[in-house]
Amino acid sequence: MKSRLAALLLLSALPASAAGLRIAAVDVEGGGALLMKTPEGKSLLIDTGWAPGQGGPDAASLPSSAERIADAARTLGISRIDYLVMTHYHADHLGGLEALLARLPVDTFIDHGPNREPMRADLTPQQRANAPETRYPAWTAAWQDHRHLSVAVGDTLDVGSLHIRFVASDGKVLEAPLPGAGAANTACADVPPPPRLGGEENNRSLGLLMTYGRTRMLNLGDLTWEKEIALFCPTDKIGPVDIYFVTGHGMDLSGSPPTAALKPQIAIMQNGPLKGGDADVIRTIEGYPGLKGFWRSHDTRRYPDLNGDPHVIANRDGEPDQGHAIMVDVDRDGGITVTNTRNGFSRRYTAR
C-alpha cells in the first residue's frame, strides 16, 4: 500500500499542461489501457486491461487493471469516462470492463461490431472462461441504455479537440491513402509470412489515428501482421506519426517490417514482463527511421539484452511491480513531454 501511495503522489506531482492533451499509458501487465483527457475535460479510454486476478503470474497480489485505470483517472481529474473504445474482445483488453464500471461511469461505448471469434473446441476451462464468446455478453450488457457506436473504417469522432479517424475496423483497413500518405513503402519487399497467427478478434481490431494540434498518434489495438501489410503495402496509407502506441504489446503477431513507414518519433510499448516485447519486434522498432524515444511499460524478462535505456522503462525487472505508468503531455503547438512515473524522468519532443 505504501509503494502504491508513493506512485500516486509522484503522478500527481508531474507537471500538467492545462491547455494540452494528457495521456496515461496505464501499466496493465501486457494488456491494453490508454486513458486520455482533453483540454475541454473530455475523457477517452481505449480498452480496460485484464479482469481482477489476471495478467501474469503475480496478478493475484497486484492491484487490478481497473484499480490502476481508476488511479490514473484520479491523477488526470477524470470522474467519468465520456468514451470507452473497445478495440476487440480478447481478455487482456475487455477483461477489466466490469471492475472498471464499478469504479467509473461510462457515457458512450464504441466497438467494431459483434464478436467474430468462435469458441474453439480444444480450449481448457480457463481459456473458455476468457474466450471472446464468453466475455462479449458483458460488453453488450454494459452499453444497454447508453450511447453505443459500432464504427467502420473512415468514420471520425471528435472528443473535444482530439480528432479520431478509424483506420481499421472489423477486418477492414483503409483502402486509399490519407492526405500526405501514399508513398511507396520499400519495407514491403520480401516480407516473410507472420511467425504465427492470433485469434480472429485480433484481425478485427479497431485502429485509431488521433490528431491533436500538430501531433499525430496511432493505436491499432492488436491488429495482426497480415492487416498491417494491407495497411502499409505496397504504399503507406497512414503517413508519418509522432507517437506510435506499439501494436499488440510488441508481440510478434504484429510489428511487421512495413510498419517502418510510420516513422514515429516516439514509440510506447505496453508490454508485461513476460507478455509482449518479442525480440524481432523490438529490433524492428529500434530500426524505425527517425525514432527518438522507445518507452516501455516493463523490462522484457525473456530478452534482457534488448531492454535498452532503463530511464524510459516504467517497471524494472527485479524491483517490486508497482504498476508505474508512462505519461504523455501534448501541447497544441506540437510540444510533447513523455514522463516515466517510476523515476520522474522526462524527455521533450516536438511534433513534425
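Which residue does a disulfide join to C188? In this predicted model, the partner is C233, with a distance of 2.0 Å from S to S, and the count of disulfides comes to 1. The torsion about the S-S bond of C188 and C233 is about -95°, so the disulfide is left-handed. Because C188 lies in the loop between β9 (172-173) and α7 (200-203), while C233 lies in the loop between α8 (225-232) and β12 (243-245), the pair ties together parts that are 45 residues apart in sequence. Both cysteines, C188 and C233, are buried.

An open sheet is formed by 9 strands, in the order β6-β5-β4-β3-β2-β1-β16-β17-β18, with mixed pairing. From one strand to the next, the twist averages 15°. Strands β16 (residues 326-330) and β17 (residues 335-340) run antiparallel and are joined by 5 bridges; V330 has I336, in β17, as its bridge partner.

Helix α2 packs on the sheet, where it touches β1 (21-25), β2 (34-37), β3 (43-46) and β16, and its direction makes about 15° with that of β2. Of the 12 residues of α2, 10 are buried, among them R68, I69 and D71. At 1.5 Å a residue, helix α2 (residues 65-76) should span 16 Å, and the 17 Å between its end C-alpha atoms agrees with this. The helix α2 is followed by G77, whose phi is positive, near 75°. Helix α6 (residues 132-142) lies across β4 (81-85), β5 (106-111) and β6, and runs at about 135° to β5.

Technical notes
Residues numbered from 1 in each chain as written. Predicted model: local features only at pLDDT ≥ 70, side-chain atom pairs only at ≥ 80, totals over all residues. Heavy atoms only, no water. Helix = DSSP H or I, 4+ residues; strand = E, 2+ residues; numbered from the N terminus. Expected span 1.5 Å × (residues − 1). Buried < 20%, exposed > 50% of the residue type's maximum accessible area, 1.4 Å probe, protein only. Disulfide = S-S within 2.5 Å. Pairing = 2+ DSSP bridges. Axes fitted to C-alpha atoms, helices over the stretch in contact; angles between N-to-C directions. Contact = heavy atoms within 4.5 Å.
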